[in-house]
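Reader: I would like to go through the labels on this structure. Please set each one against its definition.

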Amino acid sequence: MSACRHSIMSIDIMYERNKQHGGKIMSCRSMEMKSKIKLKGKLKFQFYFMLYMGFLMLLIDVGVFTLDVRAGLLLTAFVAIYFIGYGIVCFRVKPVIMNELVSFATQYGQIQRRLLRDLELPHALLDDQGKVIWTNREFEKLVHKEKGYRKSITTLFPSMTKEKLPGRGEEVFTEMDVNFENRDYHVRTRKISLKEMALNSDILEAENYDGYLIAIYLFDETALKIALREIDDQSLAVGLIYLDNYDEALESVEEVRRSLLIALIDRKVNKYISALDGISKKLEKDKYLVIMRKKAVERLKEDRFDVLEDVKTVNIGNEMAVTLSIGVGLDGLTYAQNYEFARNAIDLALGRGGDQAVVKTPENVAYYGGKSQQVEKNTRVKARVKAQALREIITGKDRVIIMGHRMADIDSFGSAVGIYRIAVTLEKKAHIVINDVTTSIHPFVQLFKDNPEYEEDMIINTATALELAGSNSVLVVVDVDKPSITECPELLKSCKSIVVLDHHRRGAETIENATLSYVEAYASSACEMVSEILQYIGDNIRIKPDEADCMYSGIMIDTDNFMTKTGVRTFEAAAFLRRNGADVTRVRKLFREDANEYKARADTVSQAEIYRNAYAISICTSEELHSPTVVGAQAANELLNIKGVKASFVLTDYQNQVYVSARSIDEVNVQIIMERLGGGGHMNIAGCQMEDVSLMEAISIVKNTLDTMIQEGAIS
């Protein structure tokens with residue numbers, strides 16, 4: 001490559017000196033080139049054709065001599081004259097032709113060089129290390145450098161690294177975008193093989209060129225991108241606004257003032273959308289359709305949808321503040337697709353508890369707000385409708401397979417037991433899928449194993465479940481709506497009929513194409529939901545005491561002994577289970593834990609770090625513990641008993657992954673924190689799993705996430 005660079009620089013020096021000394025060097029160089037140039041192609045054929053014709057006439061002359069001597073002599077004289085003329089052409093005319101060819105090539109090369117120098121497109125040549133070896137005037141004007149700049153291209157464009165340029169592989173062209181002095185450029189690069197140049201050249205044939213050059217061209221696309229951004233900002237976005245608690249808020253105010261409350265809410269929504277140059281249209285008593293520009297959505301994002309808090313200030317004596325759910329769809333290919341995105345977004349917002357905004361695009365889903373607990377509905381109409389639908393689905397199938405999430409807890413197992421009882425009562429074969437029995441559910445699983453009242457295949461593993469699954473089986477998924485963390489994700493593809501029963505707030509990843517989906521974020525636990533379904537599934541269902549204990553335990557664990565996220569319906573479900581044989585004393589005995597787990601939990605609490613005076617962060621050791629993640633979750637609950645702690649995070653290194661258990665009371669939404677880390681859950685109970693990181697790295701990630709969200713205003 002150094003030889004190549006030296007040759008190019010030598011040519012440049014000769015070109016400059018030739019201009020200074022009247023072209024003497026150039027003429028000498030031309031003579032040298034003439035001596036090396038060999039004819040080829042059509043010109044070579046024309047020269048040698050005349051020679052071949054002379055030899056042909058000699059052969060004819062020999063034949064003529066045998067027929068007539070005088071004619072042969074005459075032809076011999078003609079052939080002699082022909083060869084003399086050919087010699088004159090070769091030795092006198094050919095150099096003139098060569099001189100003209102070289103002169104034309106030299107002038108043509110100079111014209112090409114000048115054209116490249118004066119080309120209005122910034123253009124440069126680099127060596128294989130990315131070092132600049134030649135530039136044209138436009139490039140020099142762009143980068144404010146004089147002719148002869150020989151440093152790396154990275155010194156001019158930091159993002160144009162060597163890795164982004166064509167290398168020694170088969171790659172010939174590359175493209176990239178760079179920003180220089182607040183202008184956008186599209187850069188195209190092309191690899192030029194010097195070996196190919198040498199093979200196609202009559203001059204460079206003697207040397208071995210094994211390197212390559214890189215030609216770069218810069219296209220100014222600033223105006224184009226400004227126009228595209230302007231068009232994108234003016235594109236249509238569709239939004240849906242729902243009042244979460246419309247009926248409940250109206251019931252809490254006097255009848256004569258209800259119309260005033262409705263009018264104030266309408267005015268608040270319309271004024272807010274009008275300020276964004278948008279249009280809002282009331283579809284129903286508690287639903288609005290919103291049309292706005294994408295630019296307006298960006299303003300909403302910057303303000304973090306402050307209308308969610310603003311509408312809560314509407315108060316004319318109503319005991320319950322009005323909350324909104326907002327779904328926005330944008331960047332779709334059509335207006336209809338944007339509307340479909342908005343519908344999906346509003347479903348996510350409602351499924352996550354309301355009082356929040358969700359923005360959905362083809363690439364991702366963004367969440368804003370969600371700081372209020374969802375108020376439970378007093379009516380059980382929905383539970384009754386879902387119970388009847390579940391009964392019809394199970395009745396039409398031969399087999400019921402019940403599955404929860406990985407590393408099942410008592411809420412997952414208890415709700416699965418409830419569905420098992422429904423299936424058995426409807427005279428259908430039922431199985432519960434569990435791979436690893438954790439210490440938290442081991443005492444409850446033992447209640448059913450080796451119990452003559454239950455079949456041996458009541459609890460199966462995933463391999464057996466996949467063999468049993470088929471078109472005539474229904475899969476009931478409990479306590480989870482995220483396919484990737486179910487006990488056996490492959491089962492979702494093997495069963496055509498899928499039922500989902502979950503109480504977690506919905507995230508971007510959900511089980512699609514479910515025949516029946518019953519997701520209620522206000523429910524305390526999946527066991528509470530199944531307990532309500534049991535009351536409406538039929539009159540002949542009788543729950544056994546062991547089954548009632550499991551479901552009652554599930555409610556107790558998820559509500560932290562009825563201290564968090566409990567409502568009227570939670571206690572009604574617990575009362576129903578007590579009437580069916582659940583015993584608090586038996587449940588308490590089942591919850592007794594191993595001494596090592598108790599000590600580990602105590603150590604986790606004692607070693608907690610209080611970050612930013614509000615967030616407790618600790619590590620739970622997994623040594624000598626059968627289910628360290630359960631212990632970590634229990635420790636996270638206990639850390640909330642410390643004064644001033646808004647949220648707690650306990651990290652556990654288990655099975656080559658770092659499990660994070662996040663808990664809060666009411667000041668911080670830990671769900672949105674865990675979603676930033678790839679997890680999810682509830683506003684007060686959430687978690688995530690990290691791979692390929694150490695505990696110390698995971699703690700740093702959690703702290704950085706908290707810092708970022710506090711800075712953005714997502715959490716306080």
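Predicted model: local features only at pLDDT ≥ 70, side-chain atom pairs only at ≥ 80, totals over all residues.

Reader: Why is the pair Arg114 and Asp118 called a salt bridge?

Author: A salt bridge is a side-chain nitrogen of Lys or Arg within 4 Å of a carboxyl oxygen of Asp or Glu. The closest N and O atoms of Arg114 and Asp118 are 3.6 Å apart, so the pair meets the definition. Arg114 and Asp118 also belong to a salt-bridge network with Arg137.

Reader: What makes Arg114 exposed?

Author: Exposed means over 50% relative accessible area, buried under 20%, and partly exposed in between (1.4 Å probe, protein chains only). Arg114 has 62%, so it counts as exposed. Asp118 has 40%, so it is partly exposed.

Reader: How do you know that Asp184 and Arg229 form a salt bridge?

Author: Their N to O distance is 3.9 Å. That is within the cut-off, so the label holds. The pair links distant parts of the chain, with Asp184 in strand E4 and Arg229 in helix H7, 45 residues apart.

Reader: Is Asp184 called buried or exposed, and why?

Author: Buried, because its relative accessible area is 14%. Arg229, at 45%, is partly exposed.

Key: Residues numbered from 1 in each chain as written. Heavy atoms only, no water. Helix = DSSP H or I, 4+ residues; strand = E, 2+ residues; numbered from the N terminus.
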